[in-house]
Amino acid sequence: MRNRLISAIHPTGFGIEVMIEIYIECWASPDGIRYPWSIWQDGRQVESSHASALYEDQEQAEVEARRYCVEVLKTEPGNVVRL
């Protein structure tokens with residue numbers, strides 16, 4: 001599968017740069033393929049949809065992960081990687 005990478009580092013307003021990354025995973029099972037997301041900040045996992053939602057479409061998973069970043073973390077992600 002193709003990886004998509006968008007690079008940026010976001011300033012926090014305090015002179016510290018924070019890297020926010022979204023990973024869109026691809027899980028295959030007898031029921032079909034699903035796409036959960038996870039969000040990482042400075043190398044630590046902040047949140048994931050693994051236990052709450054598995055999406056049938058990569059774009060939908062990315063939209064929901066971006067929404068979490070904007071609404072909860074108050075910033076856009078610097079990287080989006082599709083695994």
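E3, which runs over 20-24, pairs with E8 in the parallel sense over 4 bridges. (Two strands pair if DSSP finds at least two bridges between them.) This is a predicted model, where local features need pLDDT of at least 70 and side-chain atom pairs count only at pLDDT 80 or more, while totals for chains, interfaces and linings use all residues. Residues are numbered from 1 along each chain as its sequence is written, and side-chain values use heavy atoms, leaving out hydrogens and water.

E3 also pairs with E6, this time in the antiparallel sense over 5 bridges. Ile20 stands opposite Gln41 in E6. Of the 5 residues of E3, 4 are buried, so the strand is largely enclosed by the rest of the structure. (Buried means under 20% relative accessible area, exposed means over 50%, and partly exposed is in between, using a 1.4 Å probe and protein chains only.)

## The whole chain

Zooming out, the chain has 1 helix and 8 strands. Going along the sequence, you'd read the pattern β-β-β-β-β-β-β-α-β. Helices (H or I, at least four residues) and strands (E, at least two) are DSSP runs, numbered from the N terminus.

Of the chain's 83 residues, 33% count as buried. The chain exposes about 5300 Å², and carbon and sulfur atoms supply 52% of that. These areas come from the Shrake-Rupley method with a 1.4 Å probe; for residues, only the protein chains shown count as cover.

## The sheet and its helix

Which strands make up the open sheet? There are 4 of them, in the order E7-E6-E3-E8, with mixed pairing. E7 (44-48) and E8 (79-82) stand at the edges with a single partner strand each, so one side of each has no neighbour in the sheet. From one strand to the next, the twist averages 25 degrees.

E6 and E7 pair in the antiparallel sense over 4 bridges, and Trp40 stands opposite Gln45 in E7. H1 packs on the sheet, touching E3, E6, E7 and E8, and its direction makes about 35 degrees with that of E6. Here a contact means heavy atoms within 4.5 Å. The axes are lines fitted to C-alpha atoms (for helices, over the stretch in contact), and angles run from 0 to 180 degrees between N-to-C directions.

## The nonpolar core

The largest nonpolar core has 13 residues, and those with the most contacts inside it are Ile22, Ile24, Trp37, Ile39 and Ala61. A nonpolar core is a set of buried Ala, Val, Leu, Ile, Met, Phe, Trp, Tyr and Cys residues joined through side-chain atoms within 4.5 Å. The elements giving two or more residues to it are E3 (20-24), E6 (37-41) and H1 (58-73). H1 supplies the largest share, 4 residues.

Not counting residues up to four places away in sequence, what does Trp37 touch? Its contacts include Tyr23, Ile24, Ala61, Ala65 and Tyr68.

## Two loop residues with positive phi

Most residues other than glycine have a negative phi. Asp42 isn't a glycine, yet its phi is positive, about 50 degrees. You'll find Asp42 in the loop between E6 and E7, partly exposed with a relative accessible area of 47%.

Lys74, also not a glycine, has a positive phi of about 65 degrees. Lys74 sits in the loop between H1 and E8 and is exposed, with a relative accessible area of 65%.
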